[in-house]
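Q: Let's take this structure term by term. Please give each definition where it is needed, and then hold the values up against it.

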Amino acid sequence: MIAVLDYGIGNLRSAEKALQHLGVDAALTTDPEVARRAAGVVLPGVGAFGRCMEQLRESGLEPVVHEAVESGTPFLGICVGMQMLFDASEEAPGCKGLGIFAGEVRRLVTTQRLPHMGWNTLTIRHGSILFDGLSDGSWLYFVHSYAPVPGDEAVIAATTEYSGPVVAAVEQGHVWATQFHPEKSAANGLRLLRNFADACNAEP
């Protein structure tokens, strides 16, 4: 089973529904013990960095994230769930992130409208398991005004363009995260979620 962490913020059910659409055993959970037994863990996020971190900590699920990463359990962060994996964000000064990836989340520097909302194409780093079957120019759906700036560029798995390159996905070992919403990205997003599920060996 893939556990989608339900820490009481926004619409978290869409990631669960997309995985279930693929025939994967996936479920929202508020129970740390259920998440600890899962074959994979998903951390979605919508809204503001500070509020999401506050809710995650209040929910008691923050240790589950660290345990999954440390134990080698496949892990996927989505949107603000990706941003939370970094050390901090300009959006919430003084609020510590999860520190899984070194770096800071910063407001997009652009002459275009914010948030960056809608479909955009990717430039993909070759060899990424998460993007198997997808190619440069694949379209994915974004909604964000902030994006991570990793301390180590080697973790960048994909970028997009919005008045310059923007980090669209990161990966390190069994930990992946996307700034875009795969669950809202039609066939390309479903392929990415299928790849993650395969990494979890999460077939029912």
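This is a predicted model: local features need pLDDT of at least 70, side-chain atom pairs count only at pLDDT 80 or more; totals for chains, interfaces and linings use all residues.

Q: What lines the second largest pocket, and which residues are closest to its centre?
A: A pocket is an open set of points on a 1 Å grid over the protein atoms alone, where a 1.4 Å probe fits and protein lies on both sides within 12 Å along at least five of seven lines; lining residues have an atom within 4 Å of a point. The space in the second largest pocket is about 180 Å³. Its lining has 13 residues, with Gly47, Val80, Val143, His144 and Ser145 closest to the centre. Helix H5 (80-83) and strand S9 (139-144) each supply at least two of the lining residues; helices (H or I, at least four residues) and strands (E, at least two) are DSSP runs.

Q: What makes up the lining of the largest pocket?
A: Its residues divide into 11 nonpolar, 3 polar and 3 charged. The lining has 17 residues, and Pro148, Val149, Pro165, Val166 and Val167 lie nearest the centre. S10 gives the largest share, 4 residues. The volume, about 280 Å³, is the space filled by probe spheres set on the points.

Q: Why is the pair of Phe86 and Phe101 called stacked?
A: Rings of Phe, Tyr and Trp (its six-membered ring) pair if their centres lie within 6.5 Å, and planes under 30 degrees apart count as stacked. Phe86 and Phe101 are 5.4 Å centre to centre with 25° between the planes, so by the definition they are a stacked pair. Phe86 sits in the loop between H5 and strand S5 (88-89), and Phe101 in the loop between S5 and S6, 15 residues apart. The whole structure holds 5 aromatic pairs, and Phe131, Phe142 and Phe180 form one aromatic cluster.

Q: How do you know whether Phe101 is buried or exposed?
A: Buried means under 20% relative accessible area and exposed over 50%, with partly exposed in between (1.4 Å probe, protein chains only). Phe101 has 2%, so it is buried. Among the residues Phe101 touches are Leu85, Val155, Val170 and Val175, where contact means heavy atoms within 4.5 Å.

Q: Which residues touch the most other members of the largest nonpolar core?
A: Such a core is a set of buried Ala, Val, Leu, Ile, Met, Phe, Trp, Tyr and Cys residues joined through side-chain atoms within 4.5 Å. Of its 67 residues, Met84, Leu85 and Phe131 touch the most other members. Helix H6 (residues 186-200) gives the most to this core, with 5 residues. Met84 has contacts that include Tyr7, Leu43, Phe49 and Leu98.

Q: What do the buried residues of H1 pack against?
A: They pack against strand S1 (2-5), strand S2 (26-29), strand S3 (40-43), strand S4 (75-78) and H6. The buried residues in helix H1 (residues 13-21) are Ser14, Ala15, Glu16, Ala18 and Leu19.

Note on methods:
Residues are numbered from 1 along each chain as its sequence is written. Side-chain values use heavy atoms; hydrogens and water are left out. Ala, Val, Leu, Ile, Met, Phe, Trp, Tyr, Cys and Pro count as nonpolar, Asp, Glu, Lys and Arg as charged, and the others, Gly among them, as polar. Rings of Phe, Tyr and Trp (its six-membered ring) pair if their centres lie within 6.5 Å; planes under 30 degrees apart count as stacked, over 60 as edge-to-face and the rest as tilted. Lists of a residue's contacts leave out its neighbours within four places in sequence.
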